[in-house]
Amino acid sequence: MGVIKVENIRVFSHHGCLKEETKIGSDYRVDLKIKADLKPSAKSDKLSDTVDYVLLNRIIKEEMKQPSYLLETVAKRILNRIFEEDQLVTKATVSVSKINPPIGGDVEKVTIKMTEKRKK
């Protein structure tokens, strides 16, 4: 097994339960860690034998564009798409952070983290 991380993906999105959040939008950070068998690609040196992190980044950006009330919903959509679109991924962990959340205090960010394994 091997690990691929795509870290600190910065996006501007319109998630949240408050009407102002979905209208104005805010900054988010997404981190992704996937597990897959990287031995074939290490031997072949072919992109087709590994998990394409360009695809992973695109999935995250596309799912972050779709407004949701909860970050949990966004994270679950990201995980579902990863498993649907790349059969090499055996496990994935995604963290979605809202930067400067409007929760009445000096809070840098709130983060949700979800992990899924491929169902056999």
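User: Let's start with Glu116: is this residue buried or exposed?
Analyst: Keep in mind that this is a predicted model. The cut-off for buried is under 20% relative accessible area. Glu116 has a value of 16%, so it counts as buried.

User: Which residue in helix H4 is paired with Glu116?
Analyst: A salt bridge links the side chains of Glu116 and Lys76, with N to O at 2.9 Å. Glu116 sits in strand S4 and its partner in helix H4, so the pair ties together parts 40 residues apart in sequence. That partner in H4 is Lys76.

User: And which residue meets Glu116 in a salt bridge at 3.6 Å, N to O?
Analyst: Look for a side chain that is exposed, with a relative accessible area of 68%: that one is Lys119. Its side chain and that of Glu116 meet at 3.6 Å, N to O. So the residue you want, exposed at 68%, is Lys119.

User: How many salt bridges does the count come to?
Analyst: The rule asks for a side-chain nitrogen of Lys or Arg within 4 Å of a carboxyl oxygen of Asp or Glu. One of the pairs is Arg81 with Glu62, where the closest N and O atoms are 2.8 Å apart. By this rule, the count of salt bridges is eight.

User: How far apart in sequence are the parts that Arg81 and Glu62 tie together?
Analyst: The two side chains form a salt bridge at 2.8 Å between the closest N and O atoms. Arg81 belongs to helix H4 and Glu62 to helix H3, so the parts they tie together are separated in sequence by 19 residues.

User: Is Glu63 buried or exposed?
Analyst: Glu63 lies in helix H3. Leaving out residues up to four places away in sequence, Glu63 touches His15, Val74, Arg77, Ile78 and Arg81. Its relative accessibility is 8%, so Glu63 counts as buried.

User: Which residues does Met64 contact, leaving aside neighbours within four places in sequence?
Analyst: Met64 is among the core members that touch the most others. Contact here means heavy atoms within 4.5 Å. With those neighbours set aside, the partners of Met64 are Val11, Ser13, His15, Tyr28, Val30, Val74, Ile78 and Val96.

User: What about the largest pocket: which residues are closest to its centre?
Analyst: The largest pocket has a volume of about 190 Å³. It is lined by 16 residues, and the ones closest to its centre are Glu21, Tyr69, Leu71, Lys98 and Val110.

User: How many residues of that lining are nonpolar?
Analyst: Helix H4 and strand S4 each supply at least two residues of the lining. Two of the lining residues are polar and three are charged, which leaves the nonpolar group, and its count is eleven.

User: Where is Thr50 found?
Analyst: Thr50 is buried, with a relative accessible area of 19%. Skipping residues up to four places away in sequence, Thr50 touches Ile4, Leu38, Ser41, Asp86 and Leu88. As for its place in the chain, Thr50 is in the loop between helix H2 and H3.

User: What is the phi of Asn8?
Analyst: Most residues other than glycine have a negative phi. Asn8, in strand S1, is partly exposed at 31%. Although Asn8 is not a glycine, its phi is positive, about 60 degrees.

User: Is Asp45 buried or exposed?
Analyst: Asp45 is not a glycine either, yet has a positive phi of about 65 degrees. Asp45 sits in the loop between H2 and H3. The cut-off for exposed is over 50%, and Asp45 has 72% relative accessibility, so this residue is exposed.

Note on methods: Residues are numbered from 1 along each chain as its sequence is written. This is a predicted model: local features need pLDDT of at least 70, side-chain atom pairs count only at pLDDT 80 or more; totals for chains, interfaces and linings use all residues. Side-chain values use heavy atoms; hydrogens and water are left out. On a 1 Å grid over the protein atoms alone, a cavity is a set of points where a 1.4 Å probe fits but cannot get out, and a pocket is an open set with protein on both sides within 12 Å along at least five of seven lines; lining residues have an atom within 4 Å of a point. Grid points are joined across faces, edges and corners, and a volume is the space filled by probe spheres set on the points. Helices (H or I, at least four residues) and strands (E, at least two) are DSSP runs, numbered from the N terminus. Ala, Val, Leu, Ile, Met, Phe, Trp, Tyr, Cys and Pro count as nonpolar, Asp, Glu, Lys and Arg as charged, and the others, Gly among them, as polar. A nonpolar core is a set of buried Ala, Val, Leu, Ile, Met, Phe, Trp, Tyr and Cys residues joined through side-chain atoms within 4.5 Å. Buried means under 20% relative accessible area, exposed over 50%, partly exposed in between (1.4 Å probe, protein chains only).
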